[in-house]
2 protein chains.
Amino acid sequence: MIKVHRVDGKKTISLSKINPTDVQKMSKEEAVMHTTALHTEIAELQALLYASGEKSLLIVLQGMDTSGKDGVIRGLSNALNNTGCVVSSFKVPTEEERGHDFLWRIHPCAPQLGQISIFNRSHYEDVVVVRVHKIATEKVWRGRYDRICDFERLLTSNNTIILKFFLHITKDQQKRRLMAREADPTKSWKLSVGDWQERDLWNDYQVAYEDAINKTSTPEAPWTIVPANDKWFRDLVIAQTVAEALRPFHKKWLSDLTLRGEAAKKAIAEYRAGKTSKETAS
Amino acid sequence: MIKVHRVDGKKTISLSKINPTDVQKMSKEEAVMHTTALHTEIAELQALLYASGEKSLLIVLQGMDTSGKDGVIRGLSNALNNTGCVVSSFKVPTEEERGHDFLWRIHPCAPQLGQISIFNRSHYEDVVVVRVHKIATEKVWRGRYDRICDFERLLTSNNTIILKFFLHITKDQQKRRLMAREADPTKSWKLSVGDWQERDLWNDYQVAYEDAINKTSTPEAPWTIVPANDKWFRDLVIAQTVAEALRPFHKKWLSDLTLRGEAAKKAIAEYRAGKTSKETAS
C-alpha cells in the first residue's frame with residue numbers, strides 16, 4: 001500500500017511541497033494491478049453499504065482544469081454499481097441558485113443512507129473560483145469556511161463518510177493536456193479561450209485551494225492531496241482511500257446482514273410450519 | 001403598539017410564565033383595526049422586498065395542535081402577494097427524507113432573495129416530536145440544536161431575515177378547539193384519536209418546546225412567543241412582528257429602486273434621442 005497525503009486538520013499543508021509527479025517508485029503495471037484488486041473490494045463494500053443502509057459516502061472531487069476529475073469518475077465506475085451511486089456536477093450557478101445561500105444547490109445532492117454521492121466540483125468552488133475572480137467580497141468567501149465545516153458536520157453527524165480529493169497536477173502537465181485536447185477532434189469542442197485565461201491565474205488558484213484545504217480539513221471530513229500527473233497513480237490513490245474508508249465497517253455490516261437473513265429465514269420457516277399444521281388440521 | 005415576547009438568546013424564557021390569554025387590555029375591535037393597518041404596510045414592504053431582491057424572509061410557525069398555525073397563514077394571506085411567497089408544510093418525513101440528515105428536506109424550501117417562505121411546522125419538529133416520542137436518542141436530538149443554529153446562520157449570512165413564532169395556547173383552550181372541531185362537520189374529518197393521545201403528552205411538549213426555544217434563539221433568528229388563545233390578538237402579534245422586521249429597510253429599498261428607475265428612464269430617453277437623430281439624418 002502507498003502512503004497517502006491525508007489532511008485532517010491536525011497540521012496545515014503547503015501544496016508546493018507535495019510533488020504531483022511522485023509515484024513512490026511504483027511502476028504503472030504494479031499500480032494498475034493494485035487498483036483492479038481495490039476496485040473488486042470496493043464493489044463488495046458498496047454492496048454491503050447499500051444493503052445495511054447504516055452509512056452513506058460522499059466523494060468530493062476538486063482540481064484545476066484537466067486535473068482528471070472526469071477520469072476519476074470513469075475509473076470508479078469500474079467498481080461502483082450505478083444503483084446507489086449518483087454523480088452530481090456543479091457548473092456556473094443559475095440565477096435561482098445565486099438567489100440562495102451557496103449550499104442550497106449542494107444539499108439536495110447529499111447521499112441517502114446506503115448510497116454514494118460523487119461531486120464533480122462542489123461547494124468548494126464558492127471559496128476558490130469565487131475568490132480568484134472576486135465574485136464575492138473577501139468577508140463573504142472567508143465566512144464560508146465555517147459554513148462549509150458546519151454543513152459537513154451536519155452530514156457526518158448523520159453517518160455520512162466524507163472523502164475530499166484535490167487532484168494535484170503541475171502547470172506543465174496542464175499545458176500538455178490542453179494541447180492534447182486541441183489535437184483530438186473528439187475533445188477539442190470542449191476547449192475555449194477561457195481555459196488559457198484561467199491558466200494565467202494558476203498561482204491564485206493554488207493559494208485559494210491551499211487555504212480552502214487547510215481551513216476545512218477535519219478528522220471526519222479530511223482532504224486527500226492526490227499526485228495526479230500520472231493517471232494510473234491518481235486512480236490508485238483514490239481507490240485505496242475509498243477502500244480504506246469503508247473497510248473498517250465490512251465485518252459489522254456483514255454480520256448485521258447475516259443476522260437479518262437468519263431472522264427472515266426463521267420467520268419464513270415459522271410461516272411455512274403454521275401453514276402445514278393448518279393443512280394437516282383441515 | 002403592543003409589547004412582544006421576543007427571545008433573542010440574551011436570557012432564557014419559561015413558557016409557564018407567559019400567559020396565553022394576556023391581550024394587554026386591548027379590545028378585539030382595536031386589535032383588528034391595528035392588524036388591518038399593519039397588513040397594508042406589510043403588503044407595501046413585500047413589494048419592495050421583492051423588487052429590490054436584497055433580502056429574503058423566513059417565517060417559521062410552531063405550536064401545539066389547534067394552536068392556530070393554519071389560521072396565521074390565512075391571516076397573512078390578506079397581506080401577502082402569492083407571487084414571491086411560498087408556504088411549505090412539513091408532515092411526517094418520508095422514507096427518502098429519513099434517509100438523509102433532518103435539514104435535507106428543509107433546506108430546498110429556504111426563500112430565494114426577494115421572496116418569503118412560510119414554514120407550517122419545520123425542522124423544530126426534529127427536536128420536539130422526535131424527543132417527546134423518543135424517535136431518536138437524546139444524544140441525537142440534543143446535537144441538533146447546534147445543527148439548527150449553524151443552518152440558520154447560513155441563511156442569515158445570506159441576507160435571510162428569520163422570524164420564528166411559537167403559538168402559545170392553554171391546555172383548556174386546546175380542548176375547546178378540539179371539541180369545536182368535533183361539532184363542525186367541515187372540520188371533524190381532520191380529527192383522530194391521535195389528537196387526544198398527543199394531548200396526554202402536553203407537559204412533555206411544553207418542556208421540549210421551551211428547551212428548543214432557549215437553545216436556538218439568537219439576535220439574527222429570534223423566537224417570538226405569541227399569546228394565542230385569542231386569535232385576533234395572535235394575528236396582531238404576528239403582523240406587528242413581521243412589519244417591524246421589514247420596516248427598517250423601507251427607506252433604503254425605496255431609494256435604491258428609485259435610482260434604478262431613474263437610470264432606466266435615462267437609458268430609454270437616450271435610446272429615443274438616438275433613434276430620432278437617425279430618423280432626422282435619413
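This report walks through some features of a predicted model, beginning with chain A and then turning to chain B.

## Ground rules

Residues are numbered from 1 along each chain as its sequence is written, and chains are lettered from A and ligands numbered from 1 in the order in which they are written. Since this is a predicted model, local features need pLDDT of at least 70 and side-chain atom pairs count only at pLDDT 80 or more, while totals for chains, interfaces and linings use all residues; side-chain values use heavy atoms, with hydrogens and water left out.

## Chain A as a whole

Let's start with the overall picture. Chain A has 10 helices and 6 strands. Both kinds of element are DSSP runs numbered from the N terminus: helices are H or I with at least four residues, strands are E with at least two.

Of the 282 residues in chain A, 48% are buried. Here, buried means under 20% relative accessible area, exposed means over 50%, and partly exposed is in between (1.4 Å probe, protein chains only). Chain A exposes about 14300 Å², and carbon and sulfur atoms supply 53% of that area. Such areas come from the Shrake-Rupley method with a 1.4 Å probe, and for residues only the protein chains shown count as cover.

Now for contacts, meaning heavy atoms within 4.5 Å. Among contacts in chain A between residues at least 6 apart in sequence, 82% join residues at least 24 apart. As for charge, chain A has 42 positive and 36 negative charges, and their mean positions are 2 Å apart. Lys and Arg count as positive, Asp and Glu as negative, and His and the chain ends are not counted. Each charge is placed at NZ of Lys, CZ of Arg, CG of Asp or CD of Glu.

Which residues of H2(A) are buried? They are Lys69(A), Gly71(A), Val72(A), Ile73(A), Gly75(A) and Leu76(A). These residues pack against quite a list of chain A elements: helix H1 (28-52), S2, strand S3 (85-89), strand S4 (116-120), strand S5 (160-168) and helix H9 (231-246).

The loop between strand S2 (56-63) and helix H2 (69-77) of chain A holds Thr66(A). Most residues other than glycine have a negative phi. Thr66(A), though, has a positive phi near 70 degrees. Thr66(A) is buried, at 8% relative accessibility.

## Lys134 of chain B

Over in chain B, Lys134(B) also has a positive phi, about 50 degrees, although it is not a glycine. Lys134(B) lies in the loop between helix H4 (129-132) and helix H5 (138-156) of chain B. Is Lys134(B) buried or exposed? At 70% relative accessibility, Lys134(B) is exposed.

Helix H6 of chain B (residues 171-183) has 13 residues and reaches 19 Å from its first C-alpha to its last, close to the 18 Å expected at 1.5 Å a residue. That expected span is 1.5 Å times one less than the number of residues. In H6(B), the residues Gln173(B), Gln174(B), Arg177(B) and Leu178(B) are buried. They lie on the same side of H6(B) because they cover an arc of only 135 degrees around the axis. The arc is that of the directions from the helix axis to the C-beta atoms. The buried residues of H6(B) pack against helix H7 (193-200), helix H8 (202-216) and helix H9 (231-246) of chain B.

In H7(B), the buried residues are Asp195(B), Glu198(B) and Arg199(B). They cover an arc of only 105 degrees, so they sit on the same side of H7(B). Val193(B) and Asp200(B) are exposed on the other side. The cover over the buried residues of H7(B) includes H6 and H8 of chain B.

## Trp223 and Arg6 of chain B

Trp223(B) is in strand S6 (residues 223-227) of chain B and is buried, with a relative accessible area of 1%. Leaving out residues up to four places away in sequence, Trp223(B) touches several residues, including His5(B), Arg6(B), Tyr124(B), Phe165(B) and Ile213(B).

Arg6(B) is in strand S1 (residues 5-7) of chain B and is partly exposed, at 48% relative accessibility. With the neighbours up to four places away in sequence left out, Arg6(B) touches Pro219(B), Pro222(B), Trp223(B) and Thr224(B).
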